[in-house]
Amino acid sequence: MPLFKYHRLPRRKHAKSVATGTNSMRAELDHLVYTVAENVSRKAFESEMQSFFSLFTRYLAEKAGMEKLDWNRIESAENQVIAYDHISESVDSKSLKKLAVLKVNGGLGTSMGMIGAKSALEVKNDLNFLDLTVRQIEHLNTTHGVDVPLILMTSFNTHDDTLRTVKKYAGDQMLRISTFNQSRYPRILKESFLPCPKTADDDKSAWYPPGHGDLYNALLQSGVLDNLLADGKEYLFVSNSDNLGAVVDQRILQHMIDTKAEFLMEVTDKTKADVKVRRGTLINYDGSIRLLEMAQVPSEYIEEFKSVRTFKIFNTNNMWIDLRALKRIMDNGGMELDIIVNPKMTEKGDAVIQLETAAGAAIKHFKNAHGINVPRSRFLPVKSCSDLLLIKSDIYSLEHGQLVPNPERMFATVPVIKLGDHFKKIQQFQKRFKTIPTIIDLDHLTVTGDVYFGRNVTLRGTVIVVANEGQRIDIPDGCVLENRLLSGNFTMIEL
């Protein structure tokens, strides 16, 4: 008897092809489930495949044109976004007793050449992302006499690495740390629309974690949601583990409590540097607040979507969630989040797709949900080695695990740093900087080509260094570059 049931589809001309696709996928998933030997493991795996099948069925329906975003119905959500400066500064520290903190910790950092959990990368003073988060929560608990737990949502790619990282905090009396795994879904072969894996034990490359939108289902299925509620926790602050600006803010928590908002999304203003970045924004769609991701935007409207003039804010992926409301929603059938199609290529050269969802898309399911336009300081992600150079530099210092701007910098804005392909991987980055340069007076840095920096280098103003193909530039120890353009093939001592 098949494990999976069809979704009821509308009677339209494309419904037959959708049903055919779901029938084929259902048979393959049935086989995958029966390859699991142990009954307990099979039950958990079957639940994951049920969730995947539901997502896949919805995807086929959308692909067939049964569900489609109407660009003409999109309006600005500015009336549903409150400026951070307009929320009250008055807080009740007792509210922290109802709070838990969750870090989305499923990323590998492959774009930076990492092979393990990205959160294990050392980013400041020999401390990694998780070390900094632990210090922040420890300080919060000690200062206010509370017990805010730290929860890490891992993926099958990062779970073991994460456990090794947090093991050193096992005896910490000021912090409770727990982990749980998000779902594992099968990649879909683009040509056949069938799953890549043939058995449940197939290589990791045949599977994928379905994005941070899986958070809600994973919280429920793992039992973490019920455990938090039983522990008296009512609010959850969620952010990406690589966002070093995402610290607990009591003003936002208090605003959530005072306004009885069930969901808050932190957004921040776009700058010119954000125009080409794929970040979602809040919109008003038929009177309902929603998250709009670039992957949902029709091709003819991409430039409008990226425009700072039209869409002025973007989602930081810092979210505040009412756990009681989440429990209510999940018990009443859960939520259907907008599908993001992520095309990939396997190592064998096969074209595959991953069906993912974004956690912020849940905003439409909660009552009194709205956005908070926060300062840019609450969005400090490390997505590249250019970001890493900024964080490691003297632009910031650390206080209790939190990045603090250097008061000696004359400007409120941070330098713009653009490192070329020779600095793309973390190993290359580490090799090309003997020490991190002093950049307290830097406005802009662009480095292209085969360039090496010595110890105690100082960069000021606008500095552009270009080594042409086949050439190399070595900047010696103690060198000071101020408003300089360097190009060619030389060692700086030659100047």
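Contact here means heavy atoms within 4.5 Å. The model is predicted: local features need pLDDT of at least 70, side-chain atom pairs count only at pLDDT 80 or more, and totals for chains, interfaces and linings use all residues. Residues are numbered from 1 along each chain as its sequence is written, and side-chain values use heavy atoms, with hydrogens and water left out.

Start at Y169. This residue sits in the loop between α4 (159-166) and β7 (177-181); helices (H or I, at least four residues) and strands (E, at least two) are DSSP runs, numbered from the N terminus. Leaving aside residues up to four places away in sequence, Y169 touches D131, V134, R135 and I177. Its side chain makes a polar contact of 3.3 Å with that of R135. Such a contact is a pair of N or O atoms within 3.5 Å; within protein, one must be able to donate a hydrogen and the other to accept it, and residues adjacent in sequence count only if both atoms are side-chain atoms. Y169 counts as buried because its relative accessibility is 14%, where buried means under 20% relative accessible area, exposed over 50% and partly exposed in between (1.4 Å probe, protein chains only).

Now turn to helix α3, residues 129-144. Its buried residues include D131 and V134. N128 caps the N-terminal end, with a side-chain oxygen 3.0 Å from the backbone nitrogen of L130. Just after the helix, G145 takes a positive phi of about 65°.

Notes
Expected span 1.5 Å × (residues − 1).
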